[in-house]
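Subject: Model handover and notes

Hello,

Please find the structure below, followed by notes on what was found in it.

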Amino acid sequence: MKNVLKRVLGALVAGMVIVSPLSAVAPAITAYADKTLTASPSHTQEIGWYNDYHHEIWQTDTPNSSTMTLHDNDGGFGAQWKCGPNGSRGSFIAHRGIYWGLNNPNTYKDYRALYCDYDCIWYSGSSGNAMIGIYGWAQNPLVEYYIIEDCKNWSPAQDPYAEYKGSVNIDGGEYKVYTSSRNTYTIEGNKSFTQYISIRQNTRTKGTVNVLDHFKAWENLGMKMGNLYECVFNIEGWESDGRAELTMNMRVIGGYHHPEDNSVQNVNMEYNSQYKQMRFTWDAVNGADSYGVAVYLAGKWRVQEENITDTEYTTPKNLTLGKTYKVAIAARVNGKLDTANAIKNAVTFTVK
């Protein structure tokens with residue numbers, strides 16, 4: 001939760017901490033997935049679809065790399081992160097689930113059920129904090145929400161900005177409910193929003209979360225739920241090292257179809273130190289006849305190249321040392337560039 005205050009999606013957003021070696025106390029975890037994503041200091045975020053589930057991995061403020069391994073036979077994933085040592089104060093997020101996107105006309109009342117069956121074996125060290133549970137956003141009003149099933153070393157109830165709203169009993173357990181007002185990066189840009197937080201008191205690492213029951217309980221406490229943007233199972237760490245293996249199935253009953261996604265996936269970057277330039281490559285998008293590249297400069301997105309017919313682009317030479325660049329790559333499908341997804345999935349790098 002603390003790292004949410006600092007999080008800026010797709011952007012670069014120190015104190016020394018001591019951590020216990022993972023090998024000393026971590027449980028044995030076996031991954032059985034077949035697609036692994038990596039976030040690093042030069043590639044801080046990756047977003048996409050895999051087997052009808054939407055996923056995201058993101059990290060910042062750490063010199064290390066983290067991974068997310070997507071299961072092929074369910075909606076789960078494995079995760080490993082290292083955000084505590086080497087003087088960093090890093091943040092990490094990995095989540096996977098259901099995604100409607102911006103301006104979805106439906107609220108939770110349009111669905112008969114929304115639930116998540118999960119089993120999560122996970123470990124987090126003695127430094128920093130971490131948590132697992134359901135996460136998402138909604139619009140009208142703009143809300144970031146958490147249903148926290150288990151947490152280590154810190155609880156959002158300890159946040160001085162949290163306002164206690166009441167207690168509810170759902171799925172055989174008591175959840176204490178809080179709200180917190182924020183003003184930082186959101187799915188709609190930098191603006192004010194409210195966090196809704198349910199914290200399970202008898203924490204658990206497996207079970208079923210009836211998400212709609214939480215939405216109904218929140219509204220009974222005067223916390224309005226608007227149009228759904230996403231609902232995912234979330235693993236989050238701040239100034240911590242950890243790993244997790246999650247099996248998960250999340251289902252919506254009532255006519256959900258995930259939106260068409262023409263976003264560019266698996267953007268790789270190769271830096272040429274001799275010429276101080278970056279080369280980008282990416283996976284081809286089905287139906288795309290060309291691609292466009294834009295860079296964020298002086299508060300605006302500026303097109304660098306259009307009508308790229310291959311899946312690669314190399315920047316001009318002599319990029320500025322020490323400068324951080326934010327780059328968006330869009331696919332043109334049916335004559336239209338998918339700029340919204342390109343900007344949302346923009347990558348960042350710092351010239352060194």
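Strand 8 and strand 9 are paired in the antiparallel sense over nine bridges. Strands here are DSSP runs of E with at least two residues, helices are runs of H or I with at least four residues, and both are numbered from the N terminus. Two strands pair if DSSP finds at least two bridges between them. Within this pair, Ala138 stands opposite Val143 in strand 9. The hairpin of the two strands has three residues between them, and Asn140 takes a positive phi near 60° there.

This is a predicted model, in which local features need pLDDT of at least 70 and side-chain atom pairs count only at pLDDT 80 or more, while totals for chains, interfaces and linings use all residues. Residues are numbered from 1 along each chain as its sequence is written, and side-chain values use heavy atoms, with hydrogens and water left out.

Strand 8 also pairs with strand 14: eleven bridges join them, and they run antiparallel. Met131 has Glu236 of strand 14 as its bridge partner. Eleven of the eleven residues of strand 8 are buried, so strand 8 is largely enclosed by the rest of the structure. Buried means under 20% relative accessible area, exposed over 50%, and partly exposed in between, with a 1.4 Å probe and protein chains only.

Aromatic pairs

The structure holds 18 aromatic pairs. Rings of Phe, Tyr and Trp (its six-membered ring) pair if their centres lie within 6.5 Å; planes under 30 degrees apart count as stacked, over 60 as edge-to-face and the rest as tilted. The Tyr118 and Phe233 rings have centres 4.9 Å apart and planes at 40°, so this pair is tilted. Tyr118 belongs to strand 7 (residues 113-124) and Phe233 to strand 14 (residues 227-238), so the pair ties together parts that are 115 residues apart in sequence. Tyr118 counts as buried at 4% relative accessibility, and Phe233 is buried with a relative accessible area of 0%.

Tyr135 and Tyr146 form an edge-to-face pair, 4.9 Å centre to centre with 65° between the planes. Tyr135 is in strand 8 (residues 129-139) and Tyr146 in strand 9 (residues 143-152), eleven residues apart. Tyr135 and Tyr146 are buried. Elsewhere, ring pairs link Tyr108, Tyr145, Tyr196, Phe215 and Trp218 into a cluster.

In helix 2 (residues 211-220), the buried residues include Phe215 and Trp218, along with Val211, Leu212, His214 and Ala217. Gly222 follows helix 2 and has a positive phi, near 85°.

Six strands form an open sheet in the order 1-4-5-15-7-13, with antiparallel pairing. Its edge strands are strand 1 (35-39) and strand 13 (206-210), each of which pairs on one side only. Strand 4 (residues 66-70) and strand 5 (residues 77-82) pair in the antiparallel sense over four bridges, and Leu70 stands opposite Phe77 in strand 5.

An open sheet of three strands has the order 16-17-20, and its pairing is antiparallel. The edge strands are strand 16 (268-272) and strand 20 (312-314), each pairing on one side only. Strand 16 and strand 17 (residues 277-281) are joined in the antiparallel sense over five bridges. Met269 stands opposite Phe280 in strand 17.

Pocket and cavity

On a 1 Å grid over the protein atoms alone, a cavity is a set of points where a 1.4 Å probe fits but cannot get out, and a pocket is an open set with protein on both sides within 12 Å along at least five of seven lines; lining residues have an atom within 4 Å of a point. Grid points are joined across faces, edges and corners, and a volume is the space filled by probe spheres set on the points.

The second largest pocket holds about 290 Å³ of space. Its lining has 18 residues, of which Pro41, Ser42, Phe349, Thr350 and Lys352 lie nearest its centre. Strand 3 (53-60), strand 16 and strand 23 (347-350) are the elements that give two or more residues to this lining. Strand 16 gives the most, with three residues.

The largest cavity holds about 140 Å³. It is lined by 15 residues, with Val264, Val267, Asn345, Ala346 and Val347 nearest its centre. Strand 2 (45-50) and strand 21 (324-333) each supply at least two residues of that lining.

Regards
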